[in-house]
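Please keep the structure open beside it while you read.

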Amino acid sequence: MKEYDLMIIGPATRDVNIDYTGAEDRCVGGAVTFCTPAARTAGANVFAAVKIAPDDTDIIDVFGMDPADIALLPSEETTLMRNEYFTPDRERRKAGCCAQSDPVLPGEIPDVPCRLYHLAGLLYGDFPNELIESLHKKGLVSADIQGFLRHNENGSLVFHDWKDKLKYLPYMDFLKTDAAEAEILTGLTDREAAARQLYAWGAKEIVISHNSEMLAFDGKTVCTCPVKARNLSGRTGRGDTTFGAYLAMRMTGADMAQALLYATACVSLKMEKPGVFSGTREDVEAYIRKFYA
């Protein structure tokens with residue numbers, strides 16, 4: 001049986017994106033959707049476990065994967081998201097949720113050999129605590145913290161600190177946050193200080209995304225890498241693309257600095273075009289030679 005470097009787990013979404021000019025775009029989104037192609041392009045063997053309603057199986061086509069490498073986890077509803085951007089750089093936005101998928105339960109996780117399980121969540125409730133505990137017994141665990149901080153409250157998205165963080169951060173072999181989420185968790189605006197606090201609370205390797213740079217910390221070394229995108233038309237999916245590429249590089253032998261460089265170059269290139277990352281590893285390596293020499 002094929003062994004996978006990582007399994008990316010989470011809800012795919014139907015997204016409505018409205019840019020600062022009022023132009024509307026409808027597409028498939030979700031952390032699992034952006035993470036998966038970035039990880040595959042980096043060279044990892046990836047399995048995707050995607051939470052959607054059975055009537056929305058066309059979403060699976062977006063992944064372009066061998067059917068043996070992807071599983072549909074059924075849900076009563078598919079998550080529906082609405083993002084309204086107020087600036088050309090898409091840094092200021094209002095996000096809403098019109099529907100949320102069911103939680104991913106431990107018994108739904110496909111029984112395939114896998115080294116790392118990544119919780120690519122969107123909203124609080126996507127992943128119950130018992131799922132974290134179950135996956136921790138199977139292998140390494142990573143998570144995007146937005147799936148534990150961002151709450152759907154009557155269609156509005158509201159961030160709250162994770163009340164169970166001190167218990168479950170030690171289960172996280174890799175943890176991804178953005179700068180704002182790191183501040184919610186730690187109360188610290190300095191990204192390096194926040195990463196050190198998350199490590200002190202038990203997370204083993206932390207990546208913090210920001211519009212200017214990506215930061216990684218493993219308890220010993222702090223690595224940073226600047227974002228060099230020439231335009232931001234593909235801003236949606238920035239953190240998910242970064243972390244998918246980063247995890248793939250780490251799981252295929254790259255050290256932390258190498259993984260962060262590749263991941264930052266990958267997302268810089270991805271942000272120049274809307275949608276999921278559609279380039280090749282060779283494209284990313286050429287981008288590194290051109291902009292990160």
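1. Let me begin with A31. Leaving out residues up to four places away in sequence, A31 touches P11, A120, G121, L122, Q146 and D240, where contact means heavy atoms within 4.5 Å. A31 is part of helix α1, and because its relative accessibility is 0%, A31 counts as buried. The cut-offs here are under 20% relative accessible area for buried, over 50% for exposed and partly exposed in between, with a 1.4 Å probe and protein chains only.

2. A word on the basis of all this. The model is predicted, with local features needing pLDDT of at least 70 and side-chain atom pairs counting only at pLDDT 80 or more, while totals for chains, interfaces and linings use all residues. Residues are numbered from 1 along each chain as its sequence is written, and side-chain values use heavy atoms, with hydrogens and water left out.

3. How many helices and strands does the chain have? The secondary structure comes to 10 helices and 15 strands. These are DSSP runs numbered from the N terminus, with helices being H or I of at least four residues and strands being E of at least two.

4. Now for the overall form. The C-alpha trace spans about 50 × 45 × 40 Å along its principal axes. The radius of gyration of the chain is 17 Å, which agrees with the value near 19 Å that a compact globule of 293 residues would have; the radius is taken over C-alpha atoms, and the globule rule is 2.2 Å times the number of residues to the power 0.38. Of the 293 residues, 54% count as buried. Among contacts between residues at least 6 apart in sequence, 64% join residues at least 24 apart. The chain exposes about 12,000 Å², and carbon and sulfur atoms supply 48% of that area, as computed by the Shrake-Rupley method with a 1.4 Å probe, where for residues only the protein chains shown count as cover.

5. Back to helix α1, which covers residues 31-41 and has 10 of its 11 residues buried. Among the buried ones are F34, C35 and P37. Just after the helix, G43 takes a positive phi of about 110°.

6. T33 also lies in α1. Is T33 buried or exposed? At 3% relative accessibility, T33 counts as buried. Its side chain reaches the backbone oxygen of G29 at 2.7 Å. That is a polar contact, meaning a pair of N or O atoms within 3.5 Å; within protein, one must be able to donate a hydrogen and the other to accept it, and residues adjacent in sequence count only if both atoms are side-chain atoms. Setting aside neighbours within four places in sequence, T33 is in contact with A12, V28, V62, F63 and V276.

7. D15 lies in strand β2, residues 13-18, and counts as buried at 6% relative accessibility. The side chain of D15 makes a polar contact with the side chain of T13 at 2.6 Å. D15 and R26 are 11 residues apart in sequence and 5.6 Å apart in space, C-alpha to C-alpha. Not counting residues up to four places away in sequence, D15 touches D25, R26, C27, G29, G30, M81 and N83.

8. On to the aromatic rings. Rings of Phe, Tyr and Trp (its six-membered ring) pair if their centres lie within 6.5 Å; planes under 30 degrees apart count as stacked, over 60 as edge-to-face and the rest as tilted. By this rule there are 8 aromatic pairs. The rings of F127 and F148 have centres 6.2 Å apart and planes at 40°, so this pair is tilted. It links distant parts of the chain, 21 residues apart: F127 sits in the loop between β8 (114-119) and α3 (129-138), and F148 in helix α4 (residues 146-149). Both F127 and F148 are buried. Ring pairs also link F127, F148, W162, Y168 and Y171 into a cluster.

9. Two charged side chains meet rings as well. The charged end of K228 sits over the ring of Y292, 4.8 Å from its centre, and that of R281 sits over the ring of Y262, 5.3 Å from its centre. The criterion is NZ of Lys or CZ of Arg within 6 Å of the ring centre and within 35 degrees of the ring normal.
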